[in-house]
Amino acid sequence: HPSCVKPARHDGPCVDGFLCRQPLPEGCVEPMEPETLQGLVRRVAANISVTPGMEAVMRHSLPPALWQPSFIVCIGSGQVRVLTLAFVGDPIRGDRPSSKLTPFVLRLLTDDLVPATTDSHSPGPSH
């Protein structure tokens with residue numbers, strides 16, 4: 001398969017090419033139209049940033065900082081969501097941004113980012 005990237009010393013068949021030839025399992029939806037997929041990618045990218053977390057901490061009058069933010073893209077059951085985790089609030093422990101932590105963790109989970117067939121709004125995070 002032309003786009004297959006094989007690890008060093010790999011002599012087996014191309015897994016990418018094999019997977020491309022497999023039928024969709026029963027119950028799976030057909031692939032998205034390119035425009036729909038592009039919109040989904042934009043919504044996911046907008047939530048893989050500190051902006052939604054900063055909006056949440058400011059709304060709740062917390063110090064404007066997210067320490068060690070992590071973004072997890074959750075995909076399953078026909079849904080795509082972004083989970084954001086970060087230490088927030090005071091007191092802050094640690095001497096470097098990568099080691100700073102607090103007793104409090106912000107958890108944000110977006111609504112389903114896959115557009116409904118009759119609804120074109122882009123949902124934001126729930127907190």
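Two residues are in contact when heavy atoms of each lie within 4.5 Å. That term is used throughout this report.

## Basis of the model

The structure is a predicted model, in which local features need pLDDT of at least 70 and side-chain atom pairs count only at pLDDT 80 or more, while totals for chains, interfaces and linings use all residues. Residues are numbered from 1 along each chain as its sequence is written, and side-chain values use heavy atoms, with hydrogens and water left out.

## Overall architecture

The protein contains three helices and four strands, arranged along the sequence in the pattern α-α-α-β-β-β-β. Helices (H or I, at least four residues) and strands (E, at least two) are DSSP runs, numbered from the N terminus.

Of the 127 residues, 22% are buried. Buried means under 20% relative accessible area, exposed over 50%, and partly exposed in between, with a 1.4 Å probe and protein chains only. Among contacts with a separation of 6 or more, 39% join residues 24 or more positions apart.

Helix α2 covers residues 34-47, and its 14 residues should span 20 Å at 1.5 Å a residue, which agrees with the 20 Å between its end C-alpha atoms. The expected span is 1.5 Å times one less than the number of residues. Gly-39, Leu-40, Arg-43, Val-44 and Asn-47 are the buried residues named in α2. They lie on the same side of α2, because they cover an arc of only 135 degrees around the axis; the arc is that of the directions from the helix axis to the C-beta atoms. Pro-34, Glu-35 and Arg-42 are exposed on the other side of α2.

In α3, the buried residues are Pro-52, Gly-53, Ala-56 and Val-57. These fall within an arc of 130 degrees seen down the axis of α3, so they line one face of the helix. After α3 comes Ser-61, which has a positive phi near 55 degrees.

## Nonpolar cores

In soluble globular proteins, nonpolar side chains tend to be buried together. A nonpolar core is here a set of buried Ala, Val, Leu, Ile, Met, Phe, Trp, Tyr and Cys residues joined through side-chain atoms within 4.5 Å. The largest such core has seven residues: Ala-56, Val-57, Leu-66, Ala-86, Val-88, Leu-106 and Leu-108. At least two of its residues come from each of α3 (51-59), β2 (79-88) and β3 (104-110). Another core, of five residues, lies apart from it and includes Leu-40, Val-44, Val-80 and Leu-113.

Leu-66 belongs to the loop between α3 and β1 (67-76) and is buried, with a relative accessible area of 13%. Beyond its neighbours within four places in sequence, Leu-66 is in contact with Val-50, Gly-53, Met-54, Val-57, Ala-86, Phe-87, Val-88 and Leu-106.

## Charged residues

One salt bridge is found in the whole structure, the term denoting a side-chain nitrogen of Lys or Arg within 4 Å of a carboxyl oxygen of Asp or Glu. The side chains of Asp-95 and Arg-96 form a salt bridge, at 3.8 Å from N to O. Asp-95 counts as exposed at 63% relative accessibility, whereas Arg-96, at 49%, counts as partly exposed.

Lys-100 is placed in the loop between β2 and β3. Lys-100 is buried yet has no salt bridge, and the nearest side chain of opposite charge, Asp-95, is 8.0 Å away. In assigning charge, Lys and Arg count as positive and Asp and Glu as negative, while His and the chain ends are not counted.
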